[in-house]
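Subject: Handing over the structure

Dear colleague,

I am passing on the structure below, and after it you will find what was found there. Please read the text with the structure open beside you.

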Amino acid sequence: MAFSTLSTFSANCLPPLHATALFRSNATENLAIEGRKLSFSISTKQGQTVPILKDCSLTIPVGQFWMLLGPNGCGKSTLLKILAGLLSPTKGAVFVERPKSYVFQNPDHQVVMPTVEADVAFGLGKFNLTSDEVKLRVSKALDAVGMLSYQQRSVQTLSGGQKQRVAIAGALAEACKVLLLDELTTFLDETDQLGVIKAVRNSLDSSEEVTALWVTHRLEELEYADGAVYMEDGRVVKHGDAKTILEFIKGRQSAYIKQINS
Ligand SMILES: Nc1ncnc2c1ncn2[C@@H]1O[C@H](COP(=O)(O)OP(=O)(O)OP(=O)(O)O)[C@@H](O)[C@H]1O
């Protein structure tokens, strides 16, 4: 079980956001995530207010794998933390299905127990399950992320990507409905990156209930996504299916290259 997932950062364990921050705009739309006109500012020591997010709106349907993309510093992680409930928006409203789980970037912050099995089972203590039920949940979750054969392994022997997958399994074992994944592939080599992204894809494909939002810089990861949100300078610039967003970003990049070459 990862500290980053349900036990520590579950919405169930967090204090409730202020009243305007939680809503459901239209239950018939079957949305797992909805943010409406979200803004977030910070105050400097000099007393100035610096806007980080400006009127960001997004909707993500239940059961889909979406990505959040944009240049460095555009506000992706801040938006994800607002959706996770780790930050409160300065303005706007947010709805995220529960239980939700936030997984950190650094794989070494993900796993805490000595073995893979114990780590995934760690968060299940609060559910009052029999040991057979715990075993079933653990093996189902490990299977979904392709780590079933590692059940008895020491977590110390895992690669970064395998630790990420164990962290995701911990969230799935706790019946998490929304996975919020913050640049998980940053510290990983190519094989590990692929393992993690395929694990998330497979987790969603084997359950119609789990929705994932994945922050990334890597355009090639869009191939695994159903949809994406593209941000620039604290704003959501484009929101749609993965192919449309890929074409949009490529267009943006070639316009930029033309501009610097002219
Ligand atoms: N607590 C804070 N104090 C000051 N500035 C902050 C704070 N949190 C975020 N920022 C600034 O807000 C902007 C958005 O940060 P954020 O980490 O959300 O961007 P990002 O798109 O995730 O970046 P990256 O892709 O580089 O991880 C950045 O300019 C960042 O420096």
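Helix α2 (residues 76-84) gives the most to the shell around the ligand, namely 3 residues, where helices are DSSP runs of H or I with at least four residues, strands are runs of E with at least two, and both are numbered from the N terminus. This is a predicted model, in which local features need pLDDT of at least 70 and side-chain atom pairs count only at pLDDT 80 or more, while totals for chains, interfaces and linings use all residues. Residues are numbered from 1 along each chain as its sequence is written.

The residues around the ligand are Ile42, Ile52, Gly70, Asn72, Gly73, Cys74, Gly75, Lys76, Ser77 and Thr78; a residue is near a molecule if its C-beta atom, placed from the backbone, lies within 6 Å of it. Sorted by class, this shell has 3 nonpolar, 6 polar and 1 charged residues, with Ala, Val, Leu, Ile, Met, Phe, Trp, Tyr, Cys and Pro counting as nonpolar, Asp, Glu, Lys and Arg as charged, and the others, Gly among them, as polar.

Turning to the whole protein, there are 7 helices and 9 strands, and 44% of the 262 residues count as buried. A residue is buried if 20 or more other C-beta atoms, placed from the backbone, lie within 10 Å of its own, exposed if 12 or fewer do, and partly exposed in between.

The domain assignment gives domain 1 (31-43 + 50-98 + 177-261) and domain 2 (108-175), with bounds that come from an automatic or database assignment. Taken over C-alpha atoms, the centres of domain 1 and domain 2 are separated by 25 Å. The contact between them takes 13 residues from domain 1 and 11 residues from domain 2, two residues being in contact if their C-beta atoms, placed from the backbone, lie within 7 Å. On the side of domain 1 that touches domain 2, the largest share, 8 residues, comes from helix α6 (residues 190-205).

The largest nonpolar core has 70 residues, and those with the most contacts inside it are Ala169, Leu179, Val200 and Leu213; such a core is a set of buried Ala, Val, Leu, Ile, Met, Phe, Trp, Tyr and Cys residues joined through C-beta atoms within 7 Å. Its largest share, 7 residues, comes from α5. Domain 1 and domain 2 both give residues to this core, so it lies between them. Leaving out residues up to four places away in sequence, Leu179 touches several residues, among them Ser101, Val103 and Val200.

Strand β5 (residues 100-103) pairs with strand β6 (residues 178-182) in the parallel sense over 4 bridges, where pairing requires that DSSP finds at least two bridges. Tyr102 stands opposite Leu180 in β6. Lys100 and Tyr102 point one way from β5, Ser101 and Val103 point the other way, and all are buried.

Strand β8 (residues 227-232) and strand β9 (residues 235-241) pair in the antiparallel sense over 6 bridges, and the bridge partner of Glu232 in β9 is Arg235. Their hairpin has 2 residues between the strands, and Asp233 takes a positive phi near 45° there.

Finally, is Ser154 buried or exposed? Ser154 counts as exposed because 12 C-beta neighbours lie inside 10 Å. Ser154 lies in the loop between α4 (131-144) and α5 (160-173), and, leaving aside neighbours within four places in sequence, is in contact with Pro114 and Thr115.

With best wishes
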